[in-house]
Amino acid sequence: MCSDVTRTDVLTAAPDTTVVQATDAMRTHGDEFVVVLDEQYPLGVLSAADVGLALGTVDGLADRPVADVVSAPVTIREGASREGVLSRFRETGVERLVVVDEADEFVGVSSRRALLATYADEVDALFSLFSSDD
């Protein structure tokens, strides 16, 4: 299930949070991104890459609201199967999916890395079945 690979303890920010406030929070918490929410509805994801791309094109970037530079969120429903998550990653090419509930409210974030780790754990468990000393 999608919930198996969803992180709920992610940084979030309001649309009017400044870029410098968001990047400071990312640095302080060791996170690679911030999900920008309007109430509980995802407006986008701000990553270090988004900030880097905006450096040369957005005047006064540090004091601009994050809503000006976020990438549009790619969403998936929290009830999606793990195969559905994999398929969504394949079709969109993104590194992370914003997980929403039936009302389109923010639940968490699923990453390619978390999905890969889940599959790797299962493969390890299968290998251990065949390598036992029975």
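A residue is called buried when its relative accessible area is under 20%, exposed when it is over 50%, and partly exposed in between, as computed with a 1.4 Å probe on protein chains only. The model is predicted: local features need pLDDT of at least 70 and side-chain atom pairs count only at pLDDT 80 or more, whereas totals for chains, interfaces and linings use all residues. Residues are numbered from 1 along each chain as its sequence is written, and side-chain values use heavy atoms, with hydrogens and water left out. Helices (H or I, at least four residues) and strands (E, at least two) are DSSP runs numbered from the N terminus.

- Eight salt bridges are present in the structure; the term denotes a side-chain nitrogen of Lys or Arg within 4 Å of a carboxyl oxygen of Asp or Glu.
- Side chains of opposite charge can pair when their charged atoms come close.
- One of the salt bridges links glutamate 32 to arginine 96, with 3.7 Å between the closest N and O atoms.
- Because glutamate 32 is in the loop between helix 1 (19-29) and strand 3 (33-38) while arginine 96 is in strand 6 (residues 96-100), this pair ties together parts that are 64 residues apart in sequence.
- Glutamate 32 also forms a salt bridge with arginine 113, where the closest N and O atoms are 3.8 Å apart.
- Arginine 113 belongs to helix 4 (residues 112-130) and glutamate 32 to the loop between helix 1 and strand 3, so this pair ties together parts that are 81 residues apart in sequence.
- Glutamate 32 is partly exposed, at 44% relative accessibility, and arginine 113 is exposed, at 62%.

- Arginine 96, found in strand 6, counts as buried because its relative accessibility is 18%.
- Contact means heavy atoms within 4.5 Å.
- Not counting residues up to four places away in sequence, arginine 96 touches several residues, including Glu32, Phe33, Val45, Val74 and Phe89.

- Arginine 88 and glutamate 91 form a salt bridge whose closest N and O atoms are 2.9 Å apart.
- Both residues lie in helix 3 (residues 82-92), three residues apart, which is about one turn of the helix.
- Arginine 88 is partly exposed at 24% relative accessibility, whereas glutamate 91 is exposed at 54%.

- Strand 2 and strand 3 run parallel and are joined by two bridges.
- Alanine 13 stands opposite valine 36 of strand 3.

**Nonpolar cores**

- A nonpolar core is a set of buried Ala, Val, Leu, Ile, Met, Phe, Trp, Tyr and Cys residues joined through side-chain atoms within 4.5 Å.
- The largest such core has 14 residues, and Val19, Val34, Leu46, Leu61, Val66 and Val69 have the most contacts inside it.
- Helix 1, strand 3 and helix 2 (48-55) each supply at least two residues of this core, and its largest share, three residues, comes from helix 1.
- Valine 66 touches Val19, Ala22, Val36 and Leu46, among others, not counting residues up to four places away in sequence.
- Another core, of ten residues, lies apart from the largest one and has Val5, Val74, Ala80 and Leu115 among them.

Note on methods. Two strands pair if DSSP finds at least two bridges between them.
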